[in-house]
Amino acid sequence: MSAPPQMDQATCKAALAEAIAAFEVPENKNRILAILAEVNALPADQQIMQRMMRVLPAVQEIQQNALAKYGFDFPGGAMQAMMQIQLASQSDPEMTEQVKRLMAMASGNMWSQLVLVRKSMRIAL
């Protein structure tokens with residue numbers, strides 16, 4: 001496999017914005033929320049493994065689709081793009097905060113909180 005595309009600071013910032021925006025698309029958000037609702041309904045000892053098996057692939061697919069225009073439309077492309085974005089964010093405090101937000105979304109942590117809030121308020125997913 002050839003080397004992944006290299007992004008400069010400005011391109012990393014744009015790619016980061018698009019990766020975050022991809023999670024805000026209603027069908028993507030609802031897809032992740034639905035998976036998390038199913039995972040959260042499982043016994044606690046099964047949830048971590050199911051997050052890795054079900055949430056992570058969905059997250060990677062969403063990110064990969066968002067990052068394809070930057071040349072990261074191959075297996076593992078989203079991970080390679082994120083490594084470059086994280087490296088670029090080290091010199092930009094605003095990007096650092098956006099990366100933290102994206103990582104929370106990608107890990108399901110941000111969405112898990114939303115699932116719990118919706119359940120407590122009895123809001124349909």
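## Packing of α1 against α5

Helices α1 and α5 pack at an angle of about 35 degrees, with their axes 10 Å apart. Here an axis is a line fitted to C-alpha atoms, for helices over the stretch in contact, and angles run from 0 to 180 degrees between N-to-C directions. The crossing of α1 past α5 is left-handed, a term used if the near helix is turned anticlockwise from the far one by less than a right angle. On the α1 side, the contact (heavy atoms within 4.5 Å) is made by Q9, C12, K13, L16, A19, I20, F23 and E24. On the α5 side, E94, M95, Q98, V99, R101, L102, M105 and A106 take part.

This is a predicted model, in which local features need pLDDT of at least 70 and side-chain atom pairs count only at pLDDT 80 or more, while totals for chains, interfaces and linings use all residues. Residues are numbered from 1 along each chain as its sequence is written, and side-chain values use heavy atoms, with hydrogens and water left out.

## The chain as a whole

The chain has 6 helices and 0 strands, and from the N terminus its elements run α-α-α-α-α-α. Helices (H or I, at least four residues) and strands (E, at least two) are DSSP runs, numbered from the N terminus. Helix α2, residues 26-40, contains 15 residues and reaches 20 Å from its first C-alpha to its last, close to the 21 Å expected at 1.5 Å a residue. The expected span is 1.5 Å times one less than the number of residues in the helix.

Of the 125 residues in the chain, 39% are buried. Buried means under 20% relative accessible area, exposed over 50%, and partly exposed in between (1.4 Å probe, protein chains only). The buried residues of α2 are N28, I32, L33, I35, L36, A37, V39 and N40. The chain exposes about 7200 Å², of which carbon and sulfur atoms supply 59%; accessible areas come from the Shrake-Rupley method with a 1.4 Å probe, and for residues only the protein chains shown count as cover. Among contacts between residues at least 6 apart in sequence, 65% join residues at least 24 apart.

## The nonpolar core

A nonpolar core is a set of buried Ala, Val, Leu, Ile, Met, Phe, Trp, Tyr and Cys residues joined through side-chain atoms within 4.5 Å. The largest such core has 31 residues, and those with the most contacts inside it are M7, L16, L67, F72, I85 and L102. At least two residues of this core come from each of α1, α2, α3 (44-67), α4 (77-89) and α5 (93-107). Helix α1 gives the most, with 7 residues.

Not counting residues up to four places away in sequence, F72 touches P4, P5, M7, Q64, L67, G77, A78, Q80, A81 and Q84. Q84 itself lies in helix α4 and is buried, with a relative accessible area of 13%. Apart from neighbours within four places in sequence, Q84 is in contact with P5, Q6, M7, C12 and F72.

V99 belongs to helix α5 and is buried, because its relative accessible area is 6%. Residues up to four places away in sequence aside, V99 touches L16, I85, Q86 and S89. The C-alpha atoms of V99 and I20 are 8.8 Å apart, although 79 residues separate them along the chain.

K13 is located in helix α1, residues 9-24. With a relative accessible area of 33%, K13 is partly exposed. Beyond its neighbours within four places in sequence, K13 is in contact with D92, E94 and M95. The C-alpha atoms of K13 and D92 are separated by 9.5 Å, and these residues are 79 residues apart along the chain.
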